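Dear colleague,

I am passing on the structure below, followed by notes on what turned up in it. Please read the notes with the model open beside them.

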Amino acid sequence: MDSNKKKLNKKKVILLILILIVIILVLVKLFSSNKQDTFVNEYEKVDKNQVSYKDDVTVEELKKDISATGDTKIYEIKEEFDGRKILSVKDTIKLKVSFAGIIKNSMPNLDEADEIFEKNFPKSDGIWVDENSREKILNLFNNSEVTNSKYYINDKGYLKIKDKNKQTDIDKKIEKIIKDNKEIVFCLSSVCYIVDDLTGEIMDYDFEQMDQMQSYKFFEDDNKMVVFITENKQNQLKNDEILKDLFSLVE
């Protein structure tokens with residue numbers, strides 16, 4: 001009798017578990033469906049007569065719509081997935097300002113940014129490293145568990161491979177980028193200079209202070225890229241994590 005009772009109880013427990021699983025699955029499906037319906041309904045409520053949905057909207061109209069005060073010439077119009085137009089500082093200006101800040105080692109103005117960029121931005125493909133960052137970046141590359149190759153920086157400031165050894169996936173990515181037709185600048189600094197989208201003002205931005213787990217901040221325009229690598233002052237990240245993040249970006 002005890003044995004039969006135990007078997008019966010076991011069956012009841014299994015049945016209850018199955019019922020609970022079914023209930024959970026039904027609830028998840030209902031929640032997912034409601035969430036999707038809510039998104040669709042909200043999307044359908046969007047007023048397509050807004051300025052930002054005009055096909056021929058101008059920079060001046062978007063500036064007025066969002067109360068932006070920057071010089072009209074610094075902006076470009078980008079389009080979101082739903083056709084909405086947004087105002088953004090041109091990628092080339094963001095790139096120039098960020099690079100000029102590295103060379104000047106202080107906040108540049110827009111005119112300076114143009115001049116400094118034209119005069120100093122590296123003209124050869126590959127990874128160019130800011131002079132003040134070279135020792136630390138070599139230490140980062142040469143003392144990591146995710147790299148086996150040994151690296152050096154030549155007299156023109158470019159990262160090169162000294163000994164390939166048994167290449168890891170990261171080593172292979174680095175070699176590919178060095179040979180690619182991209183012009184990439186690395187700077188080890190948690191502070192960079194950005195252009196505010198509303199005011200057009202240049203300001204400093206400490207991305208590590210904003211998020212200690214952020215490995216980098218980058219600016220890109222066509223085949224040119226400027227990458228600021230975290231100083232990791234609070235040691236929240238390991239070298240391996242930084243390198244993995246970095247080369248998932250620039251691969």
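Is Arg84 buried, partly exposed or exposed? With a relative accessibility of 30%, Arg84 counts as partly exposed, where buried means under 20% relative accessible area, exposed means over 50%, and partly exposed lies in between, computed with a 1.4 Å probe and protein chains only.

Two points on the source come before the rest. This is a predicted model, in which local features need pLDDT of at least 70 and side-chain atom pairs count only at pLDDT 80 or more, while totals for chains, interfaces and linings use all residues. Residues are numbered from 1 along each chain as its sequence is written, and side-chain values use heavy atoms, with hydrogens and water left out.

Salt bridges

A search of the whole structure gives 13 salt bridges, a salt bridge being a side-chain nitrogen of Lys or Arg within 4 Å of a carboxyl oxygen of Asp or Glu. In one of them the side chain of Arg84 meets that of Glu80, at 3.4 Å from N to O, and Glu80 is partly exposed, with a relative accessible area of 31%. Another joins Glu118 to Lys96, whose closest N and O atoms are 4.0 Å apart. Because Glu118 lies in helix α4 (residues 110-120) and Lys96 in helix α3 (residues 91-104), this pair ties together parts that are 22 residues apart in sequence; helices here are DSSP runs of H or I with at least four residues, strands are runs of E with at least two, and both are numbered from the N terminus. Lys96 is buried, at a relative accessible area of 15%.

Within helix α6 (residues 169-179), Lys179 and Glu175 are four residues apart, about one turn of the helix, and their side chains form a salt bridge at 3.1 Å, N to O. Lys179 is exposed, with a relative accessible area of 63%, whereas Glu175 is buried, at 12%. Finally, Glu76, Lys78 and Asp91 are linked in a network of salt bridges.

Cysteines

The search for disulfides, taken as pairs of cysteine sulfur atoms within 2.5 Å, finds zero in the whole structure. The sulfur of Cys187 has its closest cysteine sulfur in Cys192, at 9.1 Å, which is too far for a bond. Cys187 counts as buried at 6% relative accessibility, and Cys192 counts as buried at 0%.

Helix α2

In helix α2 (residues 59-66) the buried residues are Val59, Leu62 and Lys63. They cover an arc of only 105° around the axis, so they sit on the same side of α2, the arc being that of the directions from the helix axis to the C-beta atoms. Among what covers these buried residues are β1 (75-79) and β2 (85-89), with contact meaning heavy atoms within 4.5 Å. Just after α2, Ser67 takes a positive phi of about 60°.
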